[in-house]
Amino acid sequence: MVAAVHTDWTVVPVLMTVKDFAAKHSVFKEATIRDIIFRSQHPESPRPGWDARGFDQVLVRCGRKVLINETAFFSWLSASQKARAHDE
């Protein structure tokens, strides 16, 4: 896990592996997060109740490593919940 670092010119986001993110935020299971990642890359495979559009903005890829931007994840979650409520 990489902690946020504040300097005079930038803020480095908190980046975590899927496993670390699921451990820190136990309400989100590792398998669920991996499923959202898969569905964000394969929109032709929608899952009822989940809209993974925009989730790619939550991810940071470094080689084969996939990291989650913690702040972006919760922003995405909030936006997707608002969009879902609007659609109902």
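1. Thr17 has Leu67 of β5 as its bridge partner. This pair belongs to the contact between strand β3 (residues 15–17) and strand β5 (residues 65–69), which pair in the antiparallel sense over three bridges. Met16 of the model stands opposite Ile68 in β5. Two strands are said to pair if DSSP finds at least two bridges between them. Strands (E, at least two residues) and helices (H or I, at least four) are DSSP runs, numbered from the N terminus.

2. The model is predicted: local features need pLDDT of at least 70, side-chain atom pairs count only at pLDDT 80 or more, and totals for chains, interfaces and linings use all residues. Residues are numbered from 1 along each chain as its sequence is written, and side-chain values use heavy atoms, with hydrogens and water left out.

3. The chain holds three helices and five strands. Their order along the sequence is β-β-β-α-α-β-β-α.

4. Arg61 stands opposite Val66 in β5, and Cys62 has Lys65 of β5 as its bridge partner. A hairpin is formed by β4 and β5, with two residues between them. In that turn, Gly63 has a positive phi of about 65°.

5. Taken together, three strands form an open sheet in the order β3-β5-β4, with antiparallel pairing. The edge strands are β3 and β4, each of which pairs on one side only. Neighbouring strands of this sheet are turned by 40° against each other on average, direction ignored; the axes are lines fitted to C-alpha atoms, for helices over the stretch in contact, and angles run from 0 to 180 degrees between N-to-C directions. As background, strands of a sheet pair through backbone hydrogen bonds, either parallel or antiparallel.

6. Buried residues make up 27% of the 88 residues in the chain. Here buried means under 20% relative accessible area, exposed over 50%, and partly exposed in between (1.4 Å probe, protein chains only). The largest nonpolar core has 17 residues, and those with the most contacts inside it are Phe21, Ile33, Phe55, Ile68, Phe73 and Trp76. Such a core is a set of buried Ala, Val, Leu, Ile, Met, Phe, Trp, Tyr and Cys residues joined through side-chain atoms within 4.5 Å. The elements giving two or more residues to this core are α1 (18–24), α2 (30–41) and α3 (70–87).

7. Phe55 touches Ile36, Ile37, Ser40, Phe73 and Trp76, not counting residues up to four places away in sequence. Contact means heavy atoms within 4.5 Å. Among contacts in the chain between residues at least 6 apart in sequence, 38% join residues at least 24 apart.

8. Helix α2 has Ile33, Asp35, Ile36 and Ile37 as its buried residues. At 1.5 Å a residue, the 12 residues of α2 should span 16 Å, and the distance of 17 Å between its end C-alpha atoms agrees with this. The expected span is 1.5 Å times one less than the number of residues in the helix.

9. Leaving out residues up to four places away in sequence, His25 touches Met16, Glu70 and Phe74.

10. Glu70 is placed in helix α3 and is buried, with a relative accessible area of 12%. Apart from its neighbours within four places in sequence, Glu70 is in contact with Val14, Met16, Phe21, Lys24 and His25.

11. Gln57 lies in the loop between α2 and β4. At 66% relative accessibility, Gln57 counts as exposed. Gln57 and Asn69 are 12 residues apart in sequence and 8.6 Å apart in space, C-alpha to C-alpha.
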